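Let's take a walk through this model together, following the charged side chains. Have the sequence and the 3D view open as you read.

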Amino acid sequence: MERIKLRDMVIEELVNIAPDVEPDDVPDDEDLRDALDLDSMDFMRLVAAVNLRTGITIPEADYRQVLELGQMLDYLLTRMR
């Protein structure tokens with residue numbers, strides 16, 4: 001999957017979880033929880049949704065590696081290869 005398509009998919013799931021999020025306002029390099037005012041349950045739902053869409057499991061031990069959108073995309077793309 002191309003990075004831009006993966007980015008669009010993650011943002012789509014973010015908007016499903018937090019409908020007030022504007023897709024153009026999702027930063028690549030900030031902690032999504034802080035930038036978008038997501039709580040821990042929202043973040044866990046995002047991880048679960050990404051898992052369903054990609055088939056890639058993100059273990060809790062790796063959550064620190066996917067807190068930013070850019071980090072999450074790097075993490076997923078590495079595991080898709």
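Is Glu13 buried or exposed? At 11% relative accessibility, Glu13 counts as buried, where buried means under 20% relative accessible area, exposed means over 50%, and partly exposed is what falls in between (1.4 Å probe, protein chains only). Before going further, keep in mind that this is a predicted model, in which local features need pLDDT of at least 70 and side-chain atom pairs count only at pLDDT 80 or more, while totals for chains, interfaces and linings use all residues. Residues are numbered from 1 along each chain as its sequence is written, and side-chain values use heavy atoms, with hydrogens and water left out.

So who does Glu13 pair up with? Its side chain meets that of Arg53 in a salt bridge, at 2.5 Å from N to O. Because Glu13 lies in helix α1 and Arg53 in helix α3, this pair ties together parts that are 40 residues apart in sequence. The helices here (H or I, at least four residues) are DSSP runs numbered from the N terminus, as strands would be (E, at least two). Arg53 is partly exposed, with a relative accessible area of 40%.

By that rule, the model has six salt bridges. Another one of them joins the side chains of Asp28 and Arg7, at 3.1 Å from N to O. Asp28 is partly exposed, with a relative accessible area of 37%.

Now slide along to Asp31, which lies in the loop between α1 and α2. The side chains of Asp31 and Arg33 meet in a salt bridge of 2.6 Å, N to O. Asp31 counts as buried at 17% relative accessibility, whereas Arg33 counts as partly exposed at 32%. As for networks, salt bridges that share partners join Glu12, Glu13 and Arg53 into one. The side chains of Asp31 and Arg33 also make a polar contact of 2.6 Å. That term covers a pair of N or O atoms within 3.5 Å; within protein, one must be able to donate a hydrogen and the other to accept it, and residues adjacent in sequence count only if both atoms are side-chain atoms.

Which residues gather in a patch of negative charge on the surface? They are Asp29, Glu30, Asp34, Asp37 and Asp39. Patches are made of residues with over 30% relative accessible area and no salt bridge, with like charges joined within 9 Å and nonpolar side chains (Val, Leu, Ile, Met, Phe, Trp, Tyr) within 5 Å. Asp29 sits in the loop between α1 (3-17) and α2 (32-35), and it counts as exposed at 57% relative accessibility. Asp37 is in the loop between α2 and α3 and is exposed too, at 70% relative accessibility. Take a look at the backbone of Asp37 as well: its phi is near 60°, a positive value in a residue other than glycine.

Next comes helix α3 (residues 40-54), where you'll find Asp42. Asp42 is buried, with a relative accessible area of 12%. Its side chain makes a polar contact with the side chain of Arg45, at 2.6 Å. Asp42 and Ile17 are 25 residues apart in sequence, yet their C-alpha atoms are 6.5 Å apart in space.

Finally, head for the end of the chain. Arg79 is found in helix α4 (residues 69-80) and counts as partly exposed at 40% relative accessibility. From C-alpha to C-alpha, Arg79 and Ile56 are 7.3 Å apart, with a sequence separation of 23 residues. Arg81 is in the segment after α4, and at 79% relative accessibility Arg81 counts as exposed. Where does that leave the two C-alpha atoms of Arg81 and Met1? They are 80 residues apart along the chain and separated by 9.4 Å.

Technical notes: Accessible areas come from the Shrake-Rupley method with a 1.4 Å probe; for residues, only the protein chains shown count as cover. A salt bridge is a side-chain nitrogen of Lys or Arg within 4 Å of a carboxyl oxygen of Asp or Glu. Lys and Arg count as positive and Asp and Glu as negative; His and the chain ends are not counted. The place of a charge is taken as NZ of Lys, CZ of Arg, CG of Asp or CD of Glu.
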